[in-house]
Amino acid sequence: MPLEEFTIQEAIDSGRYRIRGGATRFARECCAFEPSEQQEEFFDLLTEMVGSKINCGLFDKGLTDIKPTERERSLSDKYGISIMSAKGTGKDAVIAIACKWFLTMIYSPKIFCTAPTKESLSQILWPEFSKWYNQTDEDGDYTFAFREWIEIEAETIYLKNVPNPKQENGVMKPRTAKINADSGKIQAALSGMHGEHMMVVFDEAAGVHDAVFEALTTTLTGLCNLAIIIFNPHRREGYAVSTHLDENISQNWELLHWSALDSNIVSKTSKERLLRENPIDSDLYRINVLGLPANSSDGTLIPYDWIYEAKLRDILVPLGTDTVIGVDPAGSGKDSTMCCIRHGSVVKKFIEVFATETLDIVKGVLEIAKEHNGKKICVDKIGVGKGVFDLLKHYHPEVYGIAVHEKPKKNGFKIYRDELYWRMREAFEGGNIQIPNDPKFEREISGITYEGGKYIEVESKMSMKKRLGNSPDRLDSLLITFHLSDTMLEPLFKEEEDLCPFDEYYESLNNGCTWAGN
């Protein structure tokens, strides 16, 4: 079916404004996509909003004498649709199908897709679009009815057989602006966002800079302009979550809320896994299972907002900054020692050393220090860690033994462990830490509580283990690196003659210990 360049009146006469039965029908009949009840509600609302904006716009331009209904006026005045969702509800699929519908069914369309990072679009949304573009049935035939109309490139999806393809209309393009982007990058992300028939999609919208939303809402003035915001509520603040929680903002949006427990595409097995991985009453349970913002109180040591923002952060580490290895030695009932690789303010990764014997643990730690140029090693020297510390300090020039239950270095804390946790909290609060995308670590660090009063007392490790169902090994390995963040002690073993040359010892290591990045 060839595409042509229409005027608005020609579009009316040709039926291009009939919306072709709606996005739900399009999903089923043109994409072989069977939506969940939540997704179908969105598709129906999207169809109704697009139709309302077009009908109101045409009436106001004098191109039709059909007076819009009160409902159509209400929808036409909205910026768009905001979906606050749990994990696993099919957010990316629904966006891909919605974009296909708008691109092929709406006259002279333009779509912009925005996310916190370019990788979010190139590695998630674009592949999701391609998935439904290339899907075949059991006979090997493509199921997308309008496949020949569309061309997919690395950074542009566009309609073929239109004047100047890839240029103005009939295109889908990416735009990104991180939550911590400067004003110049935000303006660049917004450049060119205008058109009579334009849809702007915000994927992972909780991580998109508020200024992008605020600037964009002043540009949604075309005949049929709307935005789709879809997000997992990692943050309690920001424009995305405010569309649901702030009455002054929410009145400008149509709102949908998707809980994983209510989704008929989240299998029983997946729901059980979500419940295992996200303890009930925790912030992660609210965010990932219920699709609600964290309910962090004043007693939460590190609110999830800070954790989420630390994942998005890009910190430049000054030249000459030492890499520190934090070591939480294997204790009773464990078969691995956890190591944290921290370069200045950047937590690079967590690595397990699969060993239980002291000598094998030390060999594994030294291997990791060698590979990652770890100049300093911090070791929890309580219990089994004492033997690891005693041996390590003979083979590495700068080793620190930390006894977390000793007296704090500063007043206001019950024990040194509480002081270390407070240093960690201050790093997150001040934006002075960057963490990897590690779900296991996120689970461990989320929901830690503390009590104030005469002194700060952080939730006990026993309580954490009971709440998590496992020992917070990643968290412990990072925690002890904060021993060096404020109190830098002298190396614990300085005598040159007592040190075995590091390279010489490393070369002597055998294969009795295995380790793997986790």
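Ile280 sits in the loop that runs between α11 (268-277) and α12 (283-290). In this predicted model, the residue is exposed, with a relative accessible area of 55%. Together with Leu261 and Leu275, Ile280 forms a nonpolar patch on the surface. The accessible area of Leu261, Leu275 and Ile280 together is about 250 Å².

## Chain overview

The protein chain has 518 residues, of which 55% count as buried. Its secondary structure comes to 21 helices and 16 strands. The accessible surface of the chain is about 23,200 Å², and carbon and sulfur atoms account for 46% of that surface.

## Helices α2 and α3

Helix α2 (residues 23-31) and helix α3 (residues 37-60) have axes that come within 7 Å and cross at roughly 120 degrees. The two helices are therefore oblique to each other. On the α2 side the contact is made by Ala23, Thr24, Ala27 and Arg28; on the α3 side, by Glu40, Phe43, Asp44 and Thr47.

Two of these contact residues, Arg28 and Glu40, also belong to a salt-bridge network. Salt bridges that share partners join Arg28, Glu34 and Glu40 into one network.

## Positive phi in two loops

Most residues other than glycine have a negative phi. Ala32, which is not a glycine, has a positive phi of about 55 degrees. Ala32 is found in the loop between α2 and α3, and its relative accessibility of 42% makes it partly exposed.

Glu204 also has a positive phi, near 50 degrees, in a residue other than glycine. Glu204 lies in the loop between β6 (197-203) and α8 (210-216). At 29% relative accessibility, Glu204 counts as partly exposed.

Side chains of opposite charge can pair when their charged atoms come close. The count for this model is 20 salt bridges. One of them is formed by Arg71 and Glu48, with the closest N and O atoms 3.0 Å apart. This pair links distant parts of the chain, since Arg71 is in helix α4 (residues 70-76) and Glu48 in helix α3, 23 residues apart. Both partners are partly exposed: Arg71 has a relative accessibility of 38%, and Glu48 has 33%.

Asp60 forms a salt bridge with Arg73, and here the closest N and O atoms are 2.7 Å apart. Asp60 is in helix α3 and Arg73 in helix α4, 13 residues apart. Asp60 counts as exposed, at 52% relative accessibility, whereas Arg73 counts as partly exposed, at 28%.

The side chains of Asp476 and Lys461 meet in a salt bridge, with an N to O distance of 2.8 Å. Asp476 is in helix α19 (residues 473-479) and Lys461 in helix α18 (residues 461-468), 15 residues apart. The pair is another that links distant parts of the chain.

Asp476 is buried, with a relative accessible area of 11%.

Terms used:
Residues numbered from 1 in each chain as written. Predicted model: local features only at pLDDT ≥ 70, side-chain atom pairs only at ≥ 80, totals over all residues. Heavy atoms only, no water. Patch = residues over 30% accessible without salt bridge, like charges linked within 9 Å, V, L, I, M, F, W, Y side chains within 5 Å. Areas by Shrake-Rupley, 256 points an atom, 1.4 Å probe, with all protein chains shown as cover. Salt bridge = Lys/Arg side-chain N within 4 Å of Asp/Glu carboxyl O. Helix = DSSP H or I, 4+ residues; strand = E, 2+ residues; numbered from the N terminus. Buried < 20%, exposed > 50% of the residue type's maximum accessible area, 1.4 Å probe, protein only. Axes fitted to C-alpha atoms, helices over the stretch in contact; angles between N-to-C directions. Parallel < 35°, antiparallel > 145°, perpendicular 65-115°, else oblique. Contact = heavy atoms within 4.5 Å.
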